[in-house]
Amino acid sequence: MEKETIYILAIESSCDDTSAAVLHNKKVLSNVVATQKIHEEYGGVVPELASRAHQQNIVPVVHRALSKANIDKKQLSAIAFTRGPGLMGSLLVGTSFAKSLAMGLDIPIIEVNHMQAHILAHFIEEERMAPPKFPFLALTISGGHTQIVLVRAYFDMEILGESLDDAVGEAFDKSAKILGLPYPGGPLIDKYAQIGNSKAFPFPKPKVDGLNFSFSGLKTSILYFIQRETKKDGDFINKNLNDICASIQYTIINILMDKLNKAVKQTGVAQIAIGGGVSANSGIRKALKKAELASGWTTYMPIFDYCTDNAAMIGIVGHLKYRERDFSNQSITAKARYAIGQ
Ligand code: KG4
Ligand code: ZN
């Protein structure tokens with residue numbers, strides 16, 4: 001049977017990045033991301049501003065994705081969009097845009113769960129990546145999420161554990177804020193950590209049952225520690241920045257690796273696929289490489305463009321659902337809280 005040719009336009013607007021991508025089957029023809037700089041001044045994402053920026057960005061971003069892909073919108077098979085989870089005001093922009101464009105073109109729409117997309121990003125056809133084999137464990141770590149998911153098939157996923165409070169990226173960013181670093185501070189903590197002593201300042205690890213995570217206690221203990229030390233020496237942060245960052249990163253990576261180890265033991269699955277912005281972290285990458293050698297794990301890391309929030313990952317889910325003719329109705333609405341498998 002001849003292979004079907006599917007062109008998907010995908011739209012992602014769940015948080016503070018407006019993104020559009022065009023996929024030809026499993027290959028990405030374009031993946032345009034407009035990052036909203038406005039939030040930097042506020043030290044975090046401001047929902048109302050994010051929604052407004054999406055409204056300004058969506059038309060030019062979609063236009064650019066289509067022209068970069070050299071595709072006319074009449075060639076599109078369907079439009080995939082992020083239905084949730086995310087910020088309601090942000091999701092509404094992408095959802096309404098996708099619905100109206102698809103209606104105008106008289107093509108189907110496909111709703112996509114953002115968390116599922118972070119995981120299925122591994123199946124984008126791309127030379128620098130190999131797709132994981134089922135079953136595998138997905139560790140999704142970003143500014144908005146921290147989850148361990150058992151993936152049995154494309155659409156058979158079970159959440160084994162997740163953060164009960166802050167996401168791991170938030171733990172990085174809030175720690176960075178305490179140290180006076182600009183937002184988002186995760187990459188800076190990583191940078192300084194690489195030349196610091198990770199054992200210099202031990203921080204307590206939270207005690208959380210099962211495979212769930214908690215990061216809010218760590219943030220508080222870092223805050224108290226810094227307040228105590230700067231009272232004694234006003235220049236404490238400056239003098240010890242590398243060591244503080246290395247110690248924070250070491251603690252966070254330890255927390256993640258402890259739970260992953262536990263998940264591997266519990267499931268007997270030792271194939272690990274990571275995703276989300278925090279997978280760029282050098283500490284987690286090193287720890288996973290070490291586990292490959294020491295414990296025989298196989299690890300999969302998508303290229304960075306498909307780790308952070310992007311529409312290409314929405315597009316691959318759109319493609320997989322299109323093959324099943326799993327389309328959505330025009331009456332569909334955005335869903336701010338939307339668990340995998342719901
Ligand atoms: O996936 P992402 O771009 O957006 C969402 O939050 O969904 O992830 C952004 C998060 C931020 O918290 C940022 O500080 C963190 O990823 N991040 C890092 C690194 N690069 C990005 N955290 C630690 N080390 C890094 N190298
Ligand atoms: Zn995300």
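I started with the nitrogen side of ligand 1: one of its nitrogen atoms sits 2.9 Å from an N or O atom in the side chain of Asp 190. A reminder to myself that this is a predicted model, with every distance computed from it.

Next I looked up oxygen atoms of ligand 1. I found one at 2.6 Å from an N or O atom in the Asp 173 side chain. For Gly 144 I noted a backbone N or O atom 3.3 Å from a ligand oxygen. How much of ligand 1 does the protein bury? Taken alone, the ligand exposes 550 Å², and I get 88% of that buried by the protein.

I counted 18 residues surrounding ligand 1, with Gly 143, Asp 173, Asp 190, Gly 277 and Asn 281 as the closest. By class, I have 10 polar, 5 nonpolar and 3 charged residues in the shell. Which helices each supply at least two of the shell residues? I wrote down H4 (168-178) and H5 (186-193).

I asked which of its residues are buried, and got Gly 186, Ile 189, Asp 190 and Ala 193. Why do I say they line one face of the helix? Looking down the axis of H5, I see the buried residues fall within an arc of 100°, so one face holds them. On the other side of H5, I noted Pro 187 and Lys 191 as exposed.

Last, I checked what covers the buried residues of H5. My list includes H4, along with helix H7 (236-267) and helix H8 (282-295).

Terms used
Residues are numbered from 1 along each chain as its sequence is written. Chains are lettered from A and ligands numbered from 1 in the order in which they are written. This is a predicted model: local features need pLDDT of at least 70, side-chain atom pairs count only at pLDDT 80 or more; totals for chains, interfaces and linings use all residues. Side-chain values use heavy atoms; hydrogens and water are left out. A residue is near a molecule or strand if one of its heavy atoms lies within 4 Å of it. A polar contact is a pair of N or O atoms within 3.5 Å; within protein, one must be able to donate a hydrogen and the other to accept it, and residues adjacent in sequence count only if both atoms are side-chain atoms. Accessible areas come from the Shrake-Rupley method with a 1.4 Å probe; for residues, only the protein chains shown count as cover. Helices (H or I, at least four residues) and strands (E, at least two) are DSSP runs, numbered from the N terminus. Ala, Val, Leu, Ile, Met, Phe, Trp, Tyr, Cys and Pro count as nonpolar, Asp, Glu, Lys and Arg as charged, and the others, Gly among them, as polar. Buried means under 20% relative accessible area, exposed over 50%, partly exposed in between (1.4 Å probe, protein chains only). The arc is that of the directions from the helix axis to the C-beta atoms. Contact means heavy atoms within 4.5 Å.
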